Structures are given as structure tokens and as C-alpha cells.
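The following questions and answers are intended for a reader who meets this structure for the first time. Please look over the sequence and the structure before reading on.

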Amino acid sequence: MPSASRFTAARLAGAFMAGMMLVSACGLAQAGSGLPPLPAMGPSLRKAVTFETGEQPGTIVIRKNEKALYLVTAAGHALRYQISVGRDGFGWTGTVKIASKTEWPEWRPPREMRARRPELPAMVPAGPYNPLGARALYLSRDGRDTLYRIHGTNDPKGVGFDGTSGCFRLTNTDVIDLFKRVAVGAKVVVE
């Protein structure tokens, strides 16, 4: 039986290779280089706006039809972030909470996603090449993980569309900003 450190090193190497295959498949690898270039963080698409709502400061309101996430900052005011939302058949509505937050999260595609796309690895390790980007906020309902996230992206041009499997995607620059402002336990209203 291999030692724990050799097992961990082998597992990390395998995860790194899976991540590199995904990076290559996504077109991030640069021909002739040993490593792919670091993905761009993307521009900030955040704006301070007037926003009428009965929700308390610290609440996130997602308006899918606007492809916008609003963080309520005070009565009548919010920060508006441009987002991508679920494509046809993957949208949802309801009230959830931020269950946890992770910097540079690893990504484990859900079983249903891997059934649709068998080429996906079981896990992509944490780091700058991960499809969840720089930060992830994990959403729960009644204490159960929804498997949906508010997260960054390594493709800044991939924000502002109906293109996810139900998650809400921001540029890495914006998700880092939102991450710092939102508390675990915060209410999230998806309209």
C-alpha cells in the first residue's frame, strides 16, 4: 500500500492533469508553452444603482431576465453586477442562502452534468484554471446544498448570457468584490 504522501501526490498530479485537459479543451492553452497562460480576471461590470426593494442590506437579488445580480447596500441602493444565468431548461427561481464561501474553489461537476458531458473530469483542482474562477458562494435551501453557485469565470467574455447549468457567473474581478461584501447566511432571492 503506498504511503499517504505518495498517494496524495499521485492524486494531486492526476487532478492537475484533469484540469490541464479541461484547460486545453477550453482553448486556454497556448501552443508551444509548457503551461497555459493565466486566464484574464476580466473587467469590473459593477455599478452603484438606485434599487427599490423591501429586502434588507446584505441581501442578494438576482433578476435573471436582466442578467443582473443586485447586492442591497442600503434602502433604495444596491451594487449591480452583470452575470450569466441558466440556459433554457436550467433556470430556476426561489429563495436560498449563502451556505459557505471558498477562495479558488475546486470543481466537482455534478453527476447529472457528467452524464450529459462524459468528457468532464470528476474533479478540477483549485487554482486559476478552475472553471469556477476565483471565488464561489455555495447556495443552500433548508440547509441542503442546491448544487448551484455564484462564482467567477476564466472566460470574461462568458458573462451576460444564458449559458450556465443553473449557476450565476460573474467576472473574476467582480466575484472577488462580491465575495468580500457578502456574509455566510445571507439571503439570496432569485427572480
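**Aromatic rings, cores and strands**

Trp92 is buried, and so is Phe168. The model described here is predicted.

Q: What is the angle between the planes of Phe51 and Tyr70?
A: Phe51 and Tyr70 form a stacked pair, with 4.2 Å from centre to centre. Phe51 is in the loop between strand S1 (47–50) and strand S2 (60–63), while Tyr70 is in strand S3 (residues 68–74), 19 residues apart. Both residues are buried. The angle between their planes is 15 degrees.

Q: Which residue lies over the face of Tyr70?
A: A charge sits over a ring if, among other conditions, NZ of Lys or CZ of Arg is within 6 Å of the ring centre. At 5.6 Å from the ring centre, the residue over the face of Tyr70 is Arg63.

Q: Which residue lies over the face of Phe179?
A: The distance to the ring centre of Phe179 is 4.5 Å. The residue in this place is Lys101.

Q: Which element supplies the largest share of the largest nonpolar core?
A: This core has 25 residues, and those with the most contacts inside it include Ile60, Ile98 and Phe168. Among the elements that each supply at least two residues are S2, S3, S6 and helix H3 (172–181). The largest share is four residues, and the element supplying it is H3.

Q: How many residues are in the other core, the one with Val49 and Ala68 among them?
A: This core lies apart from the largest one. Tyr70 and Val72 also belong to it, and its number of residues is seven.

Q: In which sense do S2 and S3 pair, parallel or antiparallel?
A: S2 and S3 form a hairpin with four residues between them, and Lys67 in the turn has a positive phi of about 55 degrees. Arg63 stands opposite Ala68 in S3. Over four bridges, the sense of the pairing is antiparallel.

Q: Which residue of S11 is the bridge partner of Ile60?
A: S2 and S11 run parallel and are joined by three bridges. In S11, the partner of Ile60 is Val188.

Q: Is Asp142 buried or exposed?
A: Asp142 is located in the loop between S7 and strand S8 (144–151). Its phi is positive, about 55 degrees, although Asp142 is not a glycine. The relative accessibility of Asp142 is 75%, and residues over 50% count as exposed. Asp142 is therefore exposed.

Q: What is the relative accessibility of Leu147?
A: Leu147 lies in strand S8. Although Leu147 is not a glycine, it has a positive phi of about 75 degrees. Leu147 counts as partly exposed, at a relative accessibility of 44%.

Q: What distance separates the C-alpha atoms of Ala122 and Arg108?
A: Ala122 is found in the loop between helix H2 (111–116) and S7. Leaving aside neighbours within four places in sequence, Ala122 is in contact with Trp107, Arg108, Pro109 and Arg114. Ala122 and Arg108 are 14 residues apart along the chain, and the separation of their C-alpha atoms is 5.8 Å.

Q: How many helices and strands are there in the chain?
A: From the N terminus on, the elements run α-β-β-β-β-β-β-α-β-β-β-β-α-β. The chain has three helices and eleven strands.

Conventions: Residues are numbered from 1 along each chain as its sequence is written. This is a predicted model: local features need pLDDT of at least 70, side-chain atom pairs count only at pLDDT 80 or more; totals for chains, interfaces and linings use all residues. Side-chain values use heavy atoms; hydrogens and water are left out. Rings of Phe, Tyr and Trp (its six-membered ring) pair if their centres lie within 6.5 Å; planes under 30 degrees apart count as stacked, over 60 as edge-to-face and the rest as tilted. Buried means under 20% relative accessible area, exposed over 50%, partly exposed in between (1.4 Å probe, protein chains only). A charge sits over a ring if NZ of Lys or CZ of Arg is within 6 Å of the ring centre and within 35 degrees of the ring normal. A nonpolar core is a set of buried Ala, Val, Leu, Ile, Met, Phe, Trp, Tyr and Cys residues joined through side-chain atoms within 4.5 Å. Contact means heavy atoms within 4.5 Å. Two strands pair if DSSP finds at least two bridges between them.
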